[in-house]
Amino acid sequence: MSHSRKIALKISIIYIILGVIWIIGSDSLSMALAQKNLNLYAFFQRYKGWLFIILTGIFLYTVIHNGTSKLVASKNELQKKNQQYQSIFIHNPDAVLELDLEGRVSSINPAGEEILGCKADFLKENQAFLRMMAGEYEKVKKYYYRALQGEASLFETVLNKLDGEKAILRCTFLPSSVNDQITGIFVIARDITIMRREEELMIASEKLSVIGHLAASVAHEIRNPLTSLKGFVQIMGMTKEVNEAHLEIMLTEIDRINIISSEMLILGKKQDVTFAVQDMNQIIDQVIMLMKAQANLDSIELFYREKSAVPALVMADSIQLKQVLINIIKNGIEALEHNGEISITLTTDYDEVIVTVQDNGIGMEPERLNRIGEPFYSTKEKGTGIGLAVCKKIIERHKGKILFQSKKNEGTTVTIRIPLADSP
């Protein structure tokens with residue numbers, strides 16, 4: 001039964017009850033007056049109908065006035081709320097869309113038209129918004145169906161605009177329901193293209209800084225095998241003989257130079273971020289190869305304490321993960337005195353790869369530890385704090401976490417947790 005019918009039925013029942021009470025009461029009063037005063041009885045009988053109309057009119061007026069006042073107040077409040085929501089919808093700097101059960105756009109705000117680069121009329125075509133996702137239609141459709149099941153989703157995707165440009169969107173899909181029935185979904189989309197470019201520039205800048213710090217130690221590491229090569233060549237020049245043992249040593253040293261220089265070139269090369277299945281064991285081995293030189297210069301022992309017994313496969317960009325590990329190890333070396341040590345441990349835990357970098361350096365106070373990863377905050381005298389902020393951003397991009405534990409004069413432990421490539 002509708003709400004209006006319930007109100008009408010309620011008023012009718014009240015009116016009938018009042019009528020019954022009036023009839024019974026007036027009849028009883030009439031009987032009493034007939035026995036005492038016939039004139040008063042006649043007067044009452046003549047005007048009791050009018051009196052009933054007046055009293056019930058006053059009562060109904062009061063009831064209806066109070067009811068309509070509440071309805072009008074409720075309507076005004078509803079209109080006010082609707083105007084507020086419309087204001088939020090229209091003036092929201094993010095794209096706000098409403099999709100129906102077939103995936104068609106039923107409404108979109110002005111910012112949405114600007115961010116998506118097309119008008120509402122185009123978007124209202126059959127699933128036009130979902131199909132604008134560059135090669136990610138199936139992924140976005142999966143989140144759309146999750147929202148229809150009542151599950152909110154937050155994800156990033158790439159959008160193909162009509163002018164040929166691509167935009168990176170951070171989307172939120174929210175179920176829209178009326179009376180516990182899902183009628184569609186709300187989409188809130190933010191264009192993070194510029195923000196992502198700025199992040200890439202910051203990461204690239206920090207990577208060049210890391211390479212600059214490594215240059216001196218790598219040059220020293222390469223100079224040692226070059227000295228050996230020069231010595232063997234001079235011996236061959238004097239003896240005019242080829243020594244097989246010397247040749248084997250020379251080839252080994254050349255391979256060593258090639259590996260170190262190749263890693264530096266790969267690390268410094270400007271390239272697109274590419275996520276692929278990577279073995280964390282190999283990434284750590286390659287980082288240790290690069291960082292051994294700087295560790296040796298500072299008389300620091302750097303070693304791989306424990307490798308994973310099974311392949312530690314992650315979906316990652318190997319260059320960015322190397323950048324994170326190099327930065328953390330470099331910070332550890334700077335925090336150590338001579339004869340200190342840094343150990344790296346790699347384990348897997350059901351759905352995660354866990355990398356632990358531990359040093360026995362000077363450590364940090366709790367107040368400094370709480371601010372680790374903030375841009376432009378550094379525990380070093382000439383540091384900017386950007387390095388660890390970049391590390392944190394890279395690990396978050398890999399759906400992982402980076403944690404810091406430290407005690408003054410007891411050292412620091414950095415733990416990196418990244419989902420396994422085959423985890424859900």
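**Tour of a predicted model**

Begin with helix 9 (residues 280-297) and helix 10 (residues 318-334): their axes come within 10 Å and cross at roughly 40°. That angle makes helix 9 oblique to helix 10, since angles under 35 degrees would count as roughly parallel and 65 to 115 as roughly perpendicular. The handedness of this crossing is right-handed. Keep in mind while looking that this is a predicted model.

Next, select Leu 40, Phe 43, Tyr 47, Trp 50 and Ile 53. Together these residues make a nonpolar surface patch of about 570 Å². Colour helix 2, residues 38-91, to find Ile 53 within it. Is Ile 53 buried or exposed? Its relative accessibility is 51%, so Ile 53 counts as exposed; the cut-off for that class is over 50%.

Move on to the loop between strand 9 (341-349) and strand 10 (352-359), and pick out Tyr 350 there. What is the phi of Tyr 350? The value is near 55°, which is positive in a residue other than glycine. Tyr 350 has 75% relative accessibility and therefore counts as exposed.

The last stop is Lys 399. Where is Lys 399 placed? Select the loop between helix 12 (386-397) and strand 11 (401-407) to see this residue. Lys 399 is not a glycine, yet its phi is positive, at about 65°.

How values were computed. Residues numbered from 1 in each chain as written. Predicted model: local features only at pLDDT ≥ 70, side-chain atom pairs only at ≥ 80, totals over all residues. Heavy atoms only, no water. Patch = residues over 30% accessible without salt bridge, like charges linked within 9 Å, V, L, I, M, F, W, Y side chains within 5 Å. Areas by Shrake-Rupley, 256 points an atom, 1.4 Å probe, with all protein chains shown as cover. Salt bridge = Lys/Arg side-chain N within 4 Å of Asp/Glu carboxyl O. Helix = DSSP H or I, 4+ residues; strand = E, 2+ residues; numbered from the N terminus. Buried < 20%, exposed > 50% of the residue type's maximum accessible area, 1.4 Å probe, protein only. Axes fitted to C-alpha atoms, helices over the stretch in contact; angles between N-to-C directions. Parallel < 35°, antiparallel > 145°, perpendicular 65-115°, else oblique. Left-handed = near helix turned anticlockwise from the far one by under 90°.
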